[in-house]
Amino acid sequence: MSRFTLLLGGDLTRTPALDAEIADSRIIAADSGMRHAALLDVKPELWVGDFDSVPDGFEDAYADVARRTFPSEKDKTDGEIAIAAALEAGATSLLLAGAFGGERADHMFLHFAQALQLSERGIAAKLTSGHQEGVPLVPGRRHSFAYADGTLFSILGFSELSGLTVEGAKWPLDAVEVPFGSSLTLSNVVKGDLSITLKKGRALFMAHLLHDGER
């Protein structure tokens, strides 16, 4: 498996769990996502974007990193360009670091949609801010998670959900139907060995992590 970490422009907190996630992965920065490189003590192999939101001094500090520059008036976001570059380089698994928060809620939504689209193409994708993690729920697959008891989680539905089963939670579900726009699957809590199975639909699992071991 060829694993890539993409540094995006949203929020990011360094934790031991995040360090373990990015270990031995190849790294690409998207525009202002380069600011996370110093936080994580990593050096990307590639920096892509239109460079319209790069903090002062960063272009000089990372002058030795290969770049692909795009016009500001383009039909793709810098994050989407970074994803394409990783796939071109043979990525089979992507960690989207900095996918949550930030100044642009529209970009965060797009990151969610891109993760779902990648999963439908058979490419593993995970979103993280260090404090939050998101994983697409692939229909027909039983997803198991090793989160501590008490961890808050939600399932975000991007369509009607059919046959949703949640085990190892304070509020379990057994093959339920969830209408699009329902809040039924928000704010659950891990209680045991968490597993989730979805028969049909598009959904993203999202965990709110306990804030231990921050750096």
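**A note on the salt bridges**

1. Arg3, Glu21, Lys126 and Glu133 are linked in a network of salt bridges, a salt bridge being a side-chain nitrogen of Lys or Arg within 4 Å of a carboxyl oxygen of Asp or Glu. By this rule the count comes to 11 salt bridges.

2. A word on the basis: this is a predicted model, where local features need pLDDT of at least 70 and side-chain atom pairs count only at pLDDT 80 or more, while totals for chains, interfaces and linings use all residues. Residues are numbered from 1 along each chain as its sequence is written, and side-chain values use heavy atoms, with hydrogens and water left out.

3. Have a look at Glu21 and Lys126, whose closest N and O atoms are 2.4 Å apart in their salt bridge. This pair links distant parts of the chain, with Glu21 in helix α1 and Lys126 in strand β6 (residues 124-128), 105 residues apart. Helices (H or I, at least four residues) and strands (E, at least two) are DSSP runs, numbered from the N terminus.

4. Lys126 also forms a salt bridge with Glu133, the closest N and O atoms being 3.5 Å apart. Lys126 is buried at 17% relative accessibility, and Glu133 is buried at 8% (buried means under 20% relative accessible area, exposed over 50%, partly exposed in between, with a 1.4 Å probe and protein chains only).

5. Do visit Asp41 and Arg14 too: their salt bridge has its closest N and O atoms 2.9 Å apart. Asp41 lies in the loop between α2 (35-40) and β3 (46-49), and Arg14 in the loop between β1 (3-7) and α1 (16-22), 27 residues apart. Asp41 is exposed at 60% relative accessibility, whereas Arg14 is buried at 9%.
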